[in-house]
Amino acid sequence: MTDTTDFADRMLSLGLARVSEAAAIASAKLIGRGDEKAADQAAVNAMREQLNMLDIAGVVVIGEGERDEAPMLFIGEEVGTGNGPGVDIALDPLEGTTLTAKDMPNALTVIAMGPRGSMLHAPDVYMDKLAIGPGYPVDTVTFAMSPAERVRNLAKAKGCEPDQITVCVLERPRHEEMIAELRETGCAIRLITDGDVAGVIHCAEAAKTGIDMYMGSGGAPEGVLAAAALKCMGGQFYGRLTFRNDDERGRATRAGITDFDRIYTRDELVTADVIFAATGVTDGSILDGATKDGNFMETETILMRSKTGSVRRIKYRQNNN
């Protein structure tokens, strides 16, 4: 069992919000400029600078990639002052680089923090994901079910017809067969172009977003971030790593993965209490985007603690002079 006695999540939560806000403000200056790399780098630089102000001995377990692929915030990088609790950090400095470059909805900055050893060191491969919000019996939906069965089972649990269910799916050619099967149930499908952390979070606030379930494959690191969010908000999440070649299997082996067929639950991906922050970069279903008002930048952040189930929405205003 992970020792969580020294993880001061209450004290660290506001610091985590500052990290997320700084990355959003930095990347927001590049909204609609068509330069994905510049927007991502601006978010990375700002997030790293703020992380290094925190009194933590942090290790990035979910980051921008392996050391030789990422100039900053790579997997294994140590952040913080070194004076404080040992923590795992999962982050995506800009979830939705394309969304930002094209000024499209739902770009976010995302970060989660937990005690050392609390998060799966997910390799940079794909993960099949399945998520629903809180309030349903365990295994209401599972990987053993077909996509159509998941819709019917969730509708039964919700007390409605399948055509009252909305499923969020990443719009990719690999999902075409799944989408066709879902269409046959009569359910609605919210297709998103990028940003599947936001897609999963949508399920936890179905009354606000209109989305009941998320399914499909996307990045495994983003799966851990999504699981951290649902651990705070409630809801079920299942993830299963998928591999296209031996190089990806090698990445998993280096990350300590031994069972390539394992299905991970939310609490297996994130094993201890965590804190989670996300700040809107562009307007979305969950958060307002960063906006400029004269000399000021304004952001909206969602800040959550799994220990208490608390969810805060924070409006921040910064003078840019």
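Begin by selecting G235, which is found in the loop between α8 and β9; helices (H or I, at least four residues) and strands (E, at least two) are DSSP runs, numbered from the N terminus. The model is predicted, so local features need pLDDT of at least 70 and side-chain atom pairs count only at pLDDT 80 or more, while totals for chains, interfaces and linings use all residues. Residues are numbered from 1 along each chain as its sequence is written, and side-chain values use heavy atoms, with hydrogens and water left out.

G235 has a relative accessible area of 12% and is therefore buried (buried means under 20% relative accessible area, exposed over 50%, partly exposed in between, with a 1.4 Å probe and protein chains only). Display its contacts, a contact being heavy atoms within 4.5 Å. Residues up to four places away in sequence not counted, G235 touches I132, G133, P134, L230 and R266. Then select R305: 70 residues separate it from G235 along the chain, and the two C-alpha atoms are 14 Å apart.

**The sheet**

Next, select the strands β7-β6-β8-β5-β9-β10, which in that order form an open sheet of 6 strands with mixed pairing; two strands pair if DSSP finds at least two bridges between them. At the edges lie β7 (188-192) and β10 (263-265), each of which pairs on one side only. From one strand to the next, the twist averages 20 degrees; angles run from 0 to 180 degrees between N-to-C directions, and axes are lines fitted to C-alpha atoms, for helices over the stretch in contact.

Helix α8 (residues 220-233) packs on this sheet and touches β5 (126-132), β8 (213-219) and β9 (236-242). The direction of α8 makes about 20 degrees with that of β5.

Turn to β9, where 5 of the 7 residues are buried. On one pairing, β5 and β9 run antiparallel and are joined by 7 bridges; L130 has Y238 in β9 as its bridge partner. On another, β9 and β10 also run antiparallel, with 3 bridges, and G239 stands opposite Y264 in β10. Strand β6 (residues 166-170) pairs with β7 in the parallel sense over 5 bridges, and V169 stands opposite L191 in β7.

**F143**

Select F143, found in the loop between β5 and α4. Is it buried or exposed? At 12% relative accessibility, F143 counts as buried. Neighbours within four places in sequence aside, F143 is in contact with D128, K129, L130, R150, Y238, G239, R240 and I263.

**The helices**

Now show α4 (residues 147-158) with α5 (residues 176-185): they pack at an angle of about 40 degrees, their axes 8 Å apart.

Finish at helix α1 (residues 9-28), whose 20 residues reach 28 Å from first C-alpha to last, close to the 28 Å expected at 1.5 Å a residue; the expected span is 1.5 Å times one less than the number of residues. Helix α1 is largely enclosed by the rest of the structure because 16 of its 20 residues are buried.
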